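Biologist: I am new to this structure and would like to go through it slowly. Could we take it one question at a time?

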Amino acid sequence: MRQRLTRLGQFAGLVLSVWMTFPATSIAADLVVAMPNWPSGQVTANIIKTTLEANMHKSVDVEEMGTMTAFAGLASGEVDIHPEVWLPNLNSLVEKYGDKVQLADFGVPAWQGICTTKQTVDKTGIHAVADLLDPKKTAAFDTDGDGQGEMWIGAETWSSTVIERIRANSYGYAKTMRLLEMPEEMGMAAVDAAEAIDKPIIFACYSPHVVFKLHDIVKLDEPAHDASKWHVILPADDPDWLAKSSAPVAWDAARFHIAYSKALAAKSPEVTKFLENIDFTPDEITEMSYAVEVDRQPPADYAKAWVGKHADRVQKWLKGTAK
């Protein structure tokens, strides 16, 4: 009997040692939410996660990824939700994946363009995009002595950054300004620093955004949007995108929507009904941006607190979603 127990113990030890040689595996989450790399998108992604886990008992992974990757994932079913799809920036992707990806009906109104500060206007006289064609005026933004001014046009992964490069080329100020691509945190830090030391600065901007709450921001004048003059081709669609594109006018009226996979609508209609009910306001989006960029709160922490503070609102979004 003792020998048998010894052999069983040896066998159990062998099984354990073999089992431990295999890598640990994790159980896949019920849902995947793509998280963009700007503050409000990070918060809204986590508000969706927090609500679904607490009220529908879904396990949700929030994964940071670029928009192109997110749309491909929505189409394949590997991604279920994207919290902020900006239009008209992503019109081409919405059309391309229209049979696989659905936009929620509600859209948060927004604006995009070129901005400066009031003190920059007072110092340089610049108040319109056309002023950026004058090297004497853009010299005020030259910080490295190379003869060109510098301006932040967005993060490398943003579709709006591509479009701002097209606009700079179309207007002609790509010849007078060096166009900088970097994370938003760095771009906005440059605005803060310029204001602090009373230096001129110019940059691509969008609202709702915390920068309008922190500083006296001036939107540069430019010709009204004209759809007949707006010909935007993205790099993913044509390697010669810049030469073939033209956009010498203002952006069209902007808005952003939650997007979800049509496959999700089929397998979890209660989830997509909840997504369709979400109705953030521009002021709430600005508050999210302030919390992350100024107060330095982790997006997930702010999202949990936001859901707790707005319990009645969240329950309204959840109304009618029970199976």
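Biologist: In which sense do strand 1 and strand 2 pair, and over how many bridges?

Modeller: Please keep in mind that this is a predicted model, in which local features need pLDDT of at least 70 and side-chain atom pairs count only at pLDDT 80 or more, while totals for chains, interfaces and linings use all residues. Residues are numbered from 1 along each chain as its sequence is written, and side-chain values use heavy atoms, with hydrogens and water left out. Strands (E, at least two residues) and helices (H or I, at least four) are DSSP runs numbered from the N terminus, and two strands pair if DSSP finds at least two bridges between them. V32 stands opposite D61 in strand 2, and strand 1 pairs with strand 2, residues 60-64, in the parallel sense over 5 bridges.

Biologist: Why is strand 1 largely enclosed by the rest of the structure?

Modeller: Buried means under 20% relative accessible area, exposed over 50% and partly exposed in between, with a 1.4 Å probe and protein chains only. L31, V33 and M35 point one way from strand 1 and V32 and A34 the other way, all of them buried. Strand 1 is therefore largely enclosed, its buried residues numbering 5 of the 5.

Biologist: Which exposed residues does helix 14 carry on the face turned away from its buried side?

Modeller: In helix 14, residues 299-309, the buried residues are P299, Y302, A303, W306 and V307. They cover an arc of only 135° around the axis (taken from the directions from the helix axis to the C-beta atoms), which puts them on the same side of helix 14. The face turned away from that side carries the exposed residues K304, G308 and K309.

Biologist: Which helix gives the most to the lining of the largest pocket?

Modeller: On a 1 Å grid over the protein atoms alone, a pocket is an open set of points where a 1.4 Å probe fits, with protein on both sides within 12 Å along at least five of seven lines, and lining residues have an atom within 4 Å of a point. The largest pocket is lined by 19 residues, of which T143, E150, A190, P200 and I201 lie nearest its centre. Strand 6 (149-154) and helix 8 (184-196) each supply at least two residues of this lining, and the most, 5 residues, comes from helix 8.

Biologist: How much space lies in the second largest pocket?

Modeller: Its lining includes W38, W158 and R296, and helix 2 (39-55), helix 8 and helix 13 (282-293) each supply at least two of the lining residues. With volume taken as the space filled by probe spheres set on the grid points, which are joined across faces, edges and corners, the second largest pocket holds about 180 Å³.
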